[in-house]
Amino acid sequence: MDTHRLPRVSAKPSSRFDIRRIYVALVFLPVLYVVVRYLPATIFFALVLSAGLFAGYEFYRLYFKAPGLPLPMLVGMVAIASLLVAYQWAGGSYEHAIVLVVLLATLVVPLLRNGALTQSLTDSAVAVFGTLYIAVTLGHLLLTRALLDGAELSLFVVLVTWCSDIGAYYVGTLFGSRRLAPRISPHKTVEGLLGGWVLATGAALGARLLGAQIFSIVDCLILGALLTCAGVLGDLTESALKRSAGVKDSGSLLPGHGGMLDRLDSLLFTAPTFYYYVTLVKG
């Protein structure tokens, strides 16, 4: 989720907006719609896999600063790809086996290196955590795509998540004054949170009118609030990780957004939340 700036703007508020965000959205949203709605599911998988690998690389670079591809980082990247493949073609059936292999592999890696063992515990923990953080969460977007009416459901969760981000950014920029989590991210505001919730709810209701008939009006109201809260937690979680690593953005891949992990942080939390709402509440 994007940052909400302070203080309140008194003149020429549009000058505070990063216009590159709009350009990225204008290019990416139509592409995503065509991929999800009209192309085979394997194309959507390739898009998710690419995004997951970019995000995983950026995450591991928060910790592994040395040039090249350290062995624990390589294990983590292979594990992210393997887990996403399992979600796509086995419905996550081999998830636990892959996680077990990753865990054992990261514990064995220090035995294959000649360096000091002082960082072995941390290296292994980061490799395993990165796999869970990126692949297990993002894999639920693939599980959603595999459901009945999965194309519409996938578009729904991405649309609502992004609208929550957009509403939070612009309302926070224009009207933000009360800090939401100053210790973690001083630019997040309560006003931004409310703006994100309103636009997310509007997007959910709009998606229902356009064909997402599985959801009632009450479902849309619940999902607007639920996905907004999940997205904020995802955003703040990534902010805490970046603050720990001493960086502002996870990367510079997307103009106006930072890195791929910055773009996906909210979706990593909203995708599982949405999937379990659909499968457990809606059956």
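This is a predicted model: local features need pLDDT of at least 70, side-chain atom pairs count only at pLDDT 80 or more; totals for chains, interfaces and linings use all residues.
Of the 283 residues in the chain, 49% are buried. And if you take the contacts with a separation of 6 or more, 73% of them link residues 24 or more positions apart.

Now let's zoom in on two helices. H2 covers residues 41–61, and it packs against H5 at an angle of about 160°, with the axes 10 Å apart. That angle makes H2 roughly antiparallel to H5. As for handedness, the H2 and H5 crossing is right-handed.

Who actually meets whom? On the H2 side you've got, among others, Ala41, Phe44, Phe45 and Val48, and the H5 side includes Phe129, Tyr133, Leu138 and Arg145. There are glycines in the list too, including Gly52 and Gly56 in H2 and Gly130 in H5.

Arg145 is the one I'd like to look at. It sits in helix H5, which runs over residues 120–145. Is Arg145 buried or exposed? Buried, and yet Arg145 has no salt bridge. The nearest side chain of opposite charge belongs to Glu152, and that is 7.1 Å away.

So what does Arg145 touch, leaving aside neighbours within four places in sequence? The contacts are Val36, Leu39, Ala41, Phe44, Gly150, Ala151 and Ser154. Notice that Ala41 and Phe44 also turned up in the H2 part of the H2–H5 packing. Okay, that's my bit.

Notes: Residues are numbered from 1 along each chain as its sequence is written. Side-chain values use heavy atoms; hydrogens and water are left out. Helices (H or I, at least four residues) and strands (E, at least two) are DSSP runs, numbered from the N terminus. Buried means under 20% relative accessible area, exposed over 50%, partly exposed in between (1.4 Å probe, protein chains only). Lys and Arg count as positive and Asp and Glu as negative; His and the chain ends are not counted. A salt bridge is a side-chain nitrogen of Lys or Arg within 4 Å of a carboxyl oxygen of Asp or Glu. Contact means heavy atoms within 4.5 Å. Axes are lines fitted to C-alpha atoms, for helices over the stretch in contact, and angles run from 0 to 180 degrees between N-to-C directions. Angles under 35 degrees count as roughly parallel, over 145 as roughly antiparallel, 65 to 115 as roughly perpendicular and the rest as oblique. A crossing is left-handed if the near helix is turned anticlockwise from the far one by less than a right angle, and right-handed if clockwise.
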